[in-house]
Amino acid sequence: MSRRNISKKRLPQPDSLYNSYLVSLLISRILKSGKKTIAKKVVYQAFEIIQKKTEQDPLIVFEKAIQKASPLVEVKARRVGGSTYQVPIEVNAFRATNLSLRWIIQYAHQRVGRSMAIKLANEIIDTSNEIGSTIKKKEETHRMAEANKAFAHFRY
């Protein structure tokens, strides 16, 4: 890594159908073995299912789900002396979005269902309604940070 320049974050191109960066980030997270067309197909099918079930714009439901699943704080392991402390650290917006995308996809994979599109659609709908595993994960992360608030002075 260069010492002179700070590397810039490169956002992917917005997707062709919804013209949204968040959707293209979701597609790139679902991607397996470089099969982008399959990942796009899964996401777009999931958005059609969301459209049918909620009768709302799927992009608005998805953005609402991302916003509700984004954590404000997280814990990081910090070694001080001979022991390791879980230090609560505030999360910046880009990382919070990435964490929420990762959690939504992770818990969609774990769901029982036929296709990934159905499981992803159900997970996004549940997250936007503030129920489901993704919201539990966010609350668990916040609880961990609250429990370890005493170690906040070890912040980097």
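Let's start with two helices that meet: helix α1, residues 21-30, packs against helix α4, residues 93-110, at an angle of about 50°, and their axes lie 10 Å apart. Keep in mind as you look around that this is a predicted model. How do the two helices lie relative to each other: parallel, perpendicular or oblique? Angles under 35 degrees count as roughly parallel and 65 to 115 as roughly perpendicular, so α1 and α4 are oblique to each other. The crossing they make is right-handed.

From α1, the contact is made by Leu 22, Leu 25, Leu 26, Arg 29 and Ile 30. From α4, Thr 97, Asn 98, Leu 101 and Ile 105 take part.

Is Thr 127 buried or exposed? Its relative accessible area is 0%, and because buried means under 20%, Thr 127 counts as buried.

What surrounds Thr 127? Leaving aside its neighbours within four places in sequence, Thr 127 is in contact with Ala 65, Lys 68, Ala 69, Ile 104, Thr 134 and Ile 135. The chain also brings Val 61 into the picture: Val 61 and Thr 127 are 66 residues apart along the chain, while their C-alpha atoms are separated by 9.2 Å. Finally, follow the side chain of Thr 127 itself, which reaches the backbone oxygen of Glu 123 at 2.7 Å.

Note on methods: Residues numbered from 1 in each chain as written. Predicted model: local features only at pLDDT ≥ 70, side-chain atom pairs only at ≥ 80, totals over all residues. Heavy atoms only, no water. Buried < 20%, exposed > 50% of the residue type's maximum accessible area, 1.4 Å probe, protein only. Contact = heavy atoms within 4.5 Å. Polar contact = N/O pair within 3.5 Å; in protein donor to acceptor, adjacent residues only side chain to side chain. Axes fitted to C-alpha atoms, helices over the stretch in contact; angles between N-to-C directions. Helix = DSSP H or I, 4+ residues; strand = E, 2+ residues; numbered from the N terminus. Parallel < 35°, antiparallel > 145°, perpendicular 65-115°, else oblique. Left-handed = near helix turned anticlockwise from the far one by under 90°.
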